[in-house]
Amino acid sequence: MNVNLNQDTICAIATANGVGAIGIIRISGNEAFKIAAKIFEGKNLEEVKTHTIHYGFIKDETEVIDEVMVSVFKAPKTFTAEDSVEISFHGSPHIAKKILEVLVKNGARLAKAGEFTMRAFMNGRIDLAQAESIADLIASENEASRKVALNQLKGGITNEISILRNDLLNFTSLIELELDFGEEDVEFADRTAMNKLLLNLRHKLSALIESFQYGNALKNGVEVAIIGKPNAGKSTLLNALLKEERAIVSEIAGTTRDTIEEVIHLKGTAFRFVDTAGLRETTDIIEKIGVTKAKEKIASAKVLLYLYDEQDSTTEEVIAFVKEFHREDLKIVLVHNKVDLTNDETPNEFDATLNLELFPDYCDELLRISAKDQTGIEAVKTVLIDYVENLKDQESNVIITNQRHFDALQKSLQSVLQVEEAVSSGIHTELLAYELRNALEQLGEISGEFTNDEVLGNIFSKFCIGK
Ligand code: GDP
């Protein structure tokens with residue numbers, strides 16, 4: 001990181017773009033007080049106590065720009081661990097621009113995206129995983145994503161990783177002791193104890209890695225595809241599912257996303273319906289675009305609701321579809337729609353055949369619904385909720401939600417596996433030490449102990465300005 005850049009005093013608007021009752025501009029750096037004092041009419045900000053708030057005016061030389069409240073935070077107990085000032089002004093973008101201009105005129109520099117958080121990291125106040133969790137918190141749209149991000153901010157993953165690193169370090173010191181006495185050919189590290197330690201490490205790493213699927217579902221939601229022949233009732237089902245959500249979804253759609261997305265929130269988790277525009281327009285994606293393309297389209301889906309209307313399908317058709325689309329990481333749910341039209345016993349012959357042919361290898365759920373009468377909709381929701389619940393690994397308290405952490409953990413696990421293999425094949429201690437260091441470094445990447453500028457740049461550039 002460029003040292004000079006970090007010595008600049010930076011400023012940025014911290015509140016959202018646009019008009020608001022109040023807007024906040026943040027200043028951080030060695031000269032924060034000096035610069036703020038120069039443009040503030042009120043108490044001398046260089047002399048006031050830390051963590052206090054002051055009434056006054058922001059001025060550009062003699063011209064008053066706005067009536068404000070200014071908060072003063074002395075290092076190190078601040079977000080960036082640097083001297084910081086926050087100016088609360090009347091929330092007009094024009095006033096914000098004027099205040100920023102005066103700050104720059106007096107020696108501050110406009111902050112880059114994520115620069116405040118990057119300083120908090122560079123100054124050792126938070127680690128990299130915590131910095132990332134701040135971005136996640138800002139982006140959180142539901143209870144599940146908020147909770148996992150907050151847990152990460154509170155150091156959840158960091159603690160877990162440091163326990164693993166300690167185990168690894170203990171192991172490494174044993175090995176290095178052996179290296180020191182290599183000539184005498186002694187084995188200090190008891191191989192049985194070593195194997196136990198490695199097994200434990202592998203176990204913990206695997207649990208963390210496995211938690212990613214669940215974490216990802218909580219953080220980004222679960223993609224659901226609704227597929228079926230034309231007129232099977234796909235749009236009707238989607239509407240029934242969206243019934244209570246629609247108002248909320250479209251209300252926030254314009255502000256948070258470019259496209260209106262069909263999302264339902266169940267028990268705090270978001271379920272996103274993929275390609276619902278296509279579902280409306282073309283009704284049958286398989287007929288229109290062919291099996292391969294259809295598969296591509298639902299590649300990111302985790303749950304597929306296959307809707308059929310008994311009077312318009314054959315069991316062969318349904319079976320062929322399910323077998324064709326079956327995928328290890330895709331839960332296929334058979335949804336027998338329009339049961340109001342047949343009104344027969346459950347399960348009827350049609351469903352019994354499907355059950356016989358497909359359960360449990362290809363799917364394990366068959367629901368009978370009437371999308372039109374809205375019967376059985378709750379059961380569809382329950383299947384979705386259960387899907388997420390089942391991803392939960394009871395063994396791991398900490399849930400991985402971040403792709404970067406997931407990658408680092410996987411690499412670390414690879415190294416641990418190598419070490420295990422090396423131990424069992426009695427390989428030279430020096431090579432063992434090498435693999436151990438690899439595993440340690442991979443874990444260190446998560447907290448940011450071992451990392452490079454490119455990775456950092458990549459992480460912080462995703463933040464918004466002012467954070
Ligand atoms: P899509 O082409 O799969 O999206 O099917 P639609 O949702 O547009 O439904 C096709 C037709 O089936 C419409 O006339 C719906 O009203 C009707 N439909 C959908 N679900 C049901 C149901 O559960 N029972 C009955 N009787 N009709 C339904």
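Helices (H or I, at least four residues) and strands (E, at least two) are DSSP runs, numbered from the N terminus. The model is predicted: local features need pLDDT of at least 70, side-chain atom pairs count only at pLDDT 80 or more, and totals for chains, interfaces and linings use all residues. Residue numbers start from 1 along each chain as its sequence is written.

**View 1. Arg26 sits in strand S2.** Arg26 is buried, because 23 other C-beta atoms lie within 10 Å (buried: 20 or more, with C-beta atoms placed from the backbone). Leaving aside neighbours within four places in sequence, its contacts (C-beta atoms, placed from the backbone, within 7 Å) include Cys11, Glu86 and Gly466.

**View 2. Strands S1 and S2 run antiparallel.** Ala12 stands opposite Arg26 in S2.

**View 3. An open sheet has 7 strands.** Their order is S3-S4-S5-S6-S2-S1-S7, with mixed pairing (at least two DSSP bridges between two strands). Strands S3 (40–41) and S7 (109–110) stand at the edges; each has a single partner strand, so one side of each is left without a neighbour in the sheet.

**View 4. Lys467 is found in the segment after helix H19 (453–460).** Lys467 is buried, with 22 other C-beta atoms within 10 Å. Not counting residues up to four places away in sequence, Lys467 touches Gly114, Phe116, Thr117, Ile134 and Ile138. UniProt, in an unreviewed entry, places the feature "binding site" at Arg26, Glu86, Arg125 and Lys467; such annotations may be inferred rather than shown by experiment.

Conventions
A residue is buried if 20 or more other C-beta atoms lie within 10 Å of its own, exposed if 12 or fewer, and partly exposed in between; C-beta atoms are placed from the backbone. Two residues are in contact if their C-beta atoms, placed from the backbone, lie within 7 Å.
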